[in-house]
Amino acid sequence: MDRRTFLRLTAASGLAATAPWPARRALAADPYPGPYWLFFHASGGWDPTLLCDPKGRRNEQEVDPVNTYFTDEIEEVGPFKVPPVDGMRAFFSRFRDQLLVINGVDTQTNSHETGTRHTWSGSMDPGMPALGALLGTHVEPRPSLSYLAHGGYDVTDGLVAPTRLADTSAILEIAYPERLDPSKEESTFLPDSLMARLAQARNDRLQRLHDGATLPRVARSRELLALSRSGDNELARLATRLPSSLPNDGLQRQAQVSLACFEAGVAVAASLSTGGFDTHGNHDASHTPRLQTLVNGITYAMDEAERRGIADKVIVVVGSDFARTPYYNDGNGKDHWSITSMMMMGPGIRGGRVVGATDERQVPLRLDPETLQLRDGGVRITPADVHASLRQLAGMDAWDVAARYPVGSLLPLLG
Amino acid sequence: MRPHDRLASPLVLALVALAGCQVEEPAADDTADDTQVAGCVDDASFFREELYPKVVKKTCMGCHVADGLARDSSLVFVSEARPDHLSVNEALLASIAGLERDGTSIVLLKPQGEEDHGGGEVLQAGDTSFVLLEEFVHRLDAPVACESTGTIRTGDEGLELLSAAETLRKASILLAGRLPTPQEADAVRAGGEPALVQALWGLMTEDTFTDVFVEKLNDVLLTDRYLRGTDGIGLLDDDDFPSLYWYEDAEDYGDDYNKLRARTSSALAREPLALAAHLMRNDLPWTELLTADYRMVNAYSAMAYGLPDASWPDADDPASLDFRPAKVDGVPHAGLLTTPAFLSRYPTTDTNRNRHRAWFFFKTFLATDILTFADRPIDPTVSNAHNPTMNDPQCTVCHATMDPVAGAFQNWETDGSLVPVEEPWYSDMRPPGFGDRAMPSTERPNALGWLARQAASDPRFAIATVQTMLHAFTGVEPLTALTAGDDPVKQEALRQQDAWVQEVAAELAARSHDVKYAVERVITSRYFRAVGDVGADPGSLVHAGTAHLLTPEELDRKIVATLGVPWRRNANSATYLADRYRMLYGGIDSFSVTQRLTDPNGVMGAISLRMATEMACEAVPHDLVLDQTQRRLFPLVELTYEPVTDDGFEVPAAKQAILANLQWLHLRLLGEDLELDDPELQASWELWRDVWQGGKDLLADGEASSTLDSSCTATIDPWTGDSLPKDRELRSDPRFTLRAWSAVLAYLLADWRFLHE
């Protein structure tokens with residue numbers, strides 16, 4: 001089989017080789033300089049009416065209200081309407097100039113799995129890679145931890161090997177695999193010159209195995225092993241950026257590890273997740289603390305990014321499976337509702353804006369696709385459309401690999 | 001109809017022509033057997049490859065589906081999410097096609113806009129699509145069955161497969177955590193495929209296979225989530241089981257309280273997997289996973305359940321840990337479905353009403369992901385239906401299938417406790433049932449038992465079993481109609497996979513659902529054995545290839561199997577891959593991390609290098625201190641063997657021994673059976689030679705020490721931690737030969753072939 005046919009088959013079978021072998025081998029000599037992407041997933045289906053699309057109820061007598069709080073309790077912070085939920089005013093005040101809120105996003109599903117896939121891949125089709133996986137693949141040279149998958153939707157469709165890094169205590173010892181005692185530079189398995197000979201032998205052997213592979217799956221597997229070892233000193237660089245202790249809060253811990261990887265230039269994108277949003281019962285009391293955990297996590301991440309000096313390179317995208325019904329069920333819970341919101345900020349995203357809208361029952365209002373003004377007969381924004389814009393922001397709108405995974409229409413969402 | 005009349009059908013001729021097949025002239029003799037004619041298209045193939053994609057899916061399923069406009073008609077096709085959707089839909093269309101007006105089938109009239117077809121005219125006579133439909137109806141009167149002529153591609157053609165002996169090696173490592181014995185290898189080399197199958201069944205009787213089998217099944221069930229701490233104890237309520245904390249009297253019996261508590265907890269957590277192991281080991285029908293009218297207990301959980309025959313266990317007796325079937329009074333058992341671990345792992349709420357459990361049930365035991373029924377866009381904002389899960393087609397597309405099964409779980413609370421049978425089920429929800437069968441009210445006391453029997457007799461159960469085993473032992477997720485999409489290469493791969501799965505599933509059912517048979521078929525299939533392409537069609541290549549990255553558990557076992565020593569800090573600690581690096585190396589905890597990583601990332605790449613360093617450092621001296629006949633790694637050399645003397649004289653015998661031992665290592669560690677002049681063996685030799693020579697030079701220059709680093713010496717028995725006798729210690733390497741061997745071992749242990757199977 002010739003190389004061209006081989007690559008075509010590899011791509012067609014979803015075993016996506018994205019660059020020829022030699023190009024991948026010369027990787028990651030320098031830290032990846034950014035931008036860095038943080039995807040915050042509110043797992044279970046959040047309620048935007050308690051976050052960025054508040055509704056409220058007009059009075060005590062209103063039947064079947066969307067919320068238990070009253071409409072006159074809703075505050076305005078810059079362009080944002082803010083519900084009377086602890087912590088929200090501070091959050092929107094902090095990011096009033098940076099944050100873009102997109103309301104009335106139609107996920108077109110009430111299924112957790114499908115909604116999560118739609119929100120983070122831009123498609124309802126099974127097997128679609130997360131945007132983070134595409135980002136981690138798109139960058140060349142690619143750092144060896146390019147896509148950090150702490151949770152949420154992390155399907156890669158074979159594009160890139162995701163990395164889980166919940167426990168960082170072992171990083172130091174694996175950062176120097178050639179040292180017998182990781183803490184001692186001189187404690188090498190073999191003298192340096194002989195280690196170099198061993199490393200060369202390993203690389204040559206892997207190259208030979210790869211060149212001899214006639215099955216796409218095998219070739220790709222050998223390529224991934226080579227890639228996983230291409231980042232000389234990357235883990236060592238990361239080890240110096242890791243704090244001695246990590247936060248107890250799970251979401252903040254994910255953010256901390258991700259930002260350390262970003263600062264070390266060893267990662268491109270990270271999927272973060274916090275759960276507990278699927279509040280079919282006792283909604284307000286159960287859901288509100290989860291939202292507070294979420295916004296606290298975002299704030300913590302941006303504080304940490306500033307402390308590390310990379311805040312101007314960090315792009316944050318926040319979303320969920322879908323939303324909650326604009327009414328309560330018999331157990332004071334809220335069930336699944338397909339119309340949701342997304343939030344984002346970072347370089348290339350014009351903040352201080354709200355795009356899209358829903359009516360008082362959280363039904364999306366249609367927009368003019370060019371001006372984004374409300375217009376009967378216009379369009380509904382879907383996660384697929386949001387991804388078209390995010391891909392353009394990432395500079396991958398003309399990338400053939402991304403083109404294999406179609407998303408929605410390009411609307412002027414990011415400003 | 002005479003046989004050749006069928007082939008004379010213009011459509012069939014066209015199909016054959018399209019497929020590029022050679023068509024033989026019809027036989028002049030009417031008695032000729034048409035099934036031997038090349039190019040024959042049987043009815044199932046015709047439906048699958050022609051009618052379904054070109055007409056049914058493209059035209060009919062726009063409306064005739066559960067949430068479509070024609071949902072109330074008598075023709076509602078099932079979703080592609082069902083693994084048997086083709087056969088079900090073919091049978092459905094055939095049943096409708098039997099209805100005729102004036103001798104013409106209704107399925108030909110309706111699409112032409114006749115017979116009050118709600119969709120009006122969608123096809124015209126003479127259209128290619130209509131001709132296909134006519135052909136379908138025609139075939140109902142004159143079925144076409146083709147005898148296999150060898151022209152139908154199974155997917156194996158053009159693939160280079162592992163030999164029987166190579167397959168045995170791979171299977172032994174993965175199934176039994178060991179290398180084949182020389183006798184086993186010889187028997188398979190001599191006896192070929194039958195001997196391989198015999199050897200596989202032998203491997204499946206070993207204790208390690210039980211561990212492996214349970215490990216694989218837990219990847220699906222995730223009930224080991226309760227192995228953490230004493231979480232297993234929390235699965236039961238002491239109101240229901242007053243003797244739950246029986247071990248509190250441990251001191252009275254002179255026992256260790258913590259040990260008894262931990263064993264009780266583990267036993268309760270492991271109940272579903274113990275049932276699976278019991279069925280597999282005893283060749284019992286795998287359907288009992290759902291239908292068993294007993295649960296599995298050991299001496300500790302028997303006490304917790306307060307079983308009448310339970311007695312205080314002897315904690316020093318290993319048999320006290322053995323599981324056995326038992327019945328708990330008043331509990332209507334239904335295999336693992338009624339175990340506290342399963343019910344707690346898949347919990348419910350007052351509003352979820354067991355729907356999550358129903359989803360998992362379909363997905364795991366019937367190979368049907370109900371949620372994918374709803375991948376088409378919905379819009380609840382326009383729904384005015386009262387009780388949407390009953391009345392809104394956007395919702396009923398899933399709920400009509402899911403809710404009756406959810407109802408069958410009604411006897412069980414989230415915590416696994418029984419609900420009083422008097423409590424009614426929700427009236428605003430579909431009543432308990434399965435498919436089009438309603439559950440008889442008399443079955444209410446053991447509703448899950450009834451559901452289990454329905455599922456066990458459904459052909460999808462065997463399909464799910466085969467798919468589970470395929471995934472478990474190849475690491476490759478089976479394709480579905482949905483994941484294959486419209487990609488023609490994936491479609492062909494799916495066709496081949498489906499044909500294989502259906503065939504194995506049918507045979508599995510015929511063999512009383514002996515799950516080992518499914519494992520055997522996976523191991524002997526190309527999905528496990530393909531190593532090269534020598535002209536295969538692209539569809540065959542999608543899932544072909546032995547490129548399975550070993551899981552932490554598998555790599556752990558392979559290290560011991562090949563090196564004879566585990567990778568761990570000391571004799572008292574857990575192995576690195578079982579503990580410290582398990583999650584980093586892509587493992588799961590069955591709780592927060594439930595999906596294994598199947599591709600190596602930068603961290604995993606580094607861990608494999610560290611493993612290679614540490615194990616080369618440890619295994620080489622420990623093997624070399626053994627008598628030569630006991631060595632696993634170096635049976636053909638001594639440290640005194642140098643290819644050149646200090647005076648510069650070549651020592652051919654030493655070099656030959658070194659080469660022979662390199663040959664041995666390639667075979668043992670990588671499964672590569674190389675000739676002495678093989679380039680790969682030469683590459684290993686050159687590495688050995690360069691490290692040895694370079695090291696000697698450094699020794700001579702005083703830039704290296706002949707004393708080994710303490711972590712690379714042999715002074716302690718790696719299994720017991722006891723000191724070795726002084727005369728067996730190995731602390732120095734004055735010729736640098738030990739480190740040359742260590743370098744080669746580090747080279748081989750970090751190799752793709754060592755890390756993958």
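Reader: How much space lies in the second largest pocket, and what makes a set of points a pocket?
Author: In this predicted model, that pocket holds about 1400 Å³. The term refers to an open set of points on a 1 Å grid over the protein atoms alone, with protein on both sides within 12 Å along at least five of seven lines; a cavity is instead a set where a 1.4 Å probe fits but cannot get out. The volume is the space filled by probe spheres set on the points, which are joined across faces, edges and corners.

Reader: Which residues line the second largest pocket nearest its centre?
Author: Its lining has 41 residues, with E166(B), R169(B), L670(B), G671(B) and E672(B) nearest the centre. To count as lining, a residue needs an atom within 4 Å of a point.

Reader: How do you know that P478(B) is buried?
Author: Its relative accessibility is 12%. Buried means under 20% relative accessible area, exposed over 50% and partly exposed in between, with a 1.4 Å probe and protein chains only, so P478(B) counts as buried.

Reader: What is P478(B) in contact with, beyond its neighbours within four places in sequence?
Author: Q467(B), L470(B), H471(B), Q497(B) and H543(B) are its partners, where contact means heavy atoms within 4.5 Å.

Reader: How are the residues numbered, and which ones count?
Author: Residues run from 1 along each chain as its sequence is written, with chains lettered from A and ligands numbered from 1 in written order. Local features need pLDDT of at least 70 and side-chain atom pairs 80 or more, while totals for chains, interfaces and linings use all residues; side-chain values use heavy atoms, leaving out hydrogens and water.
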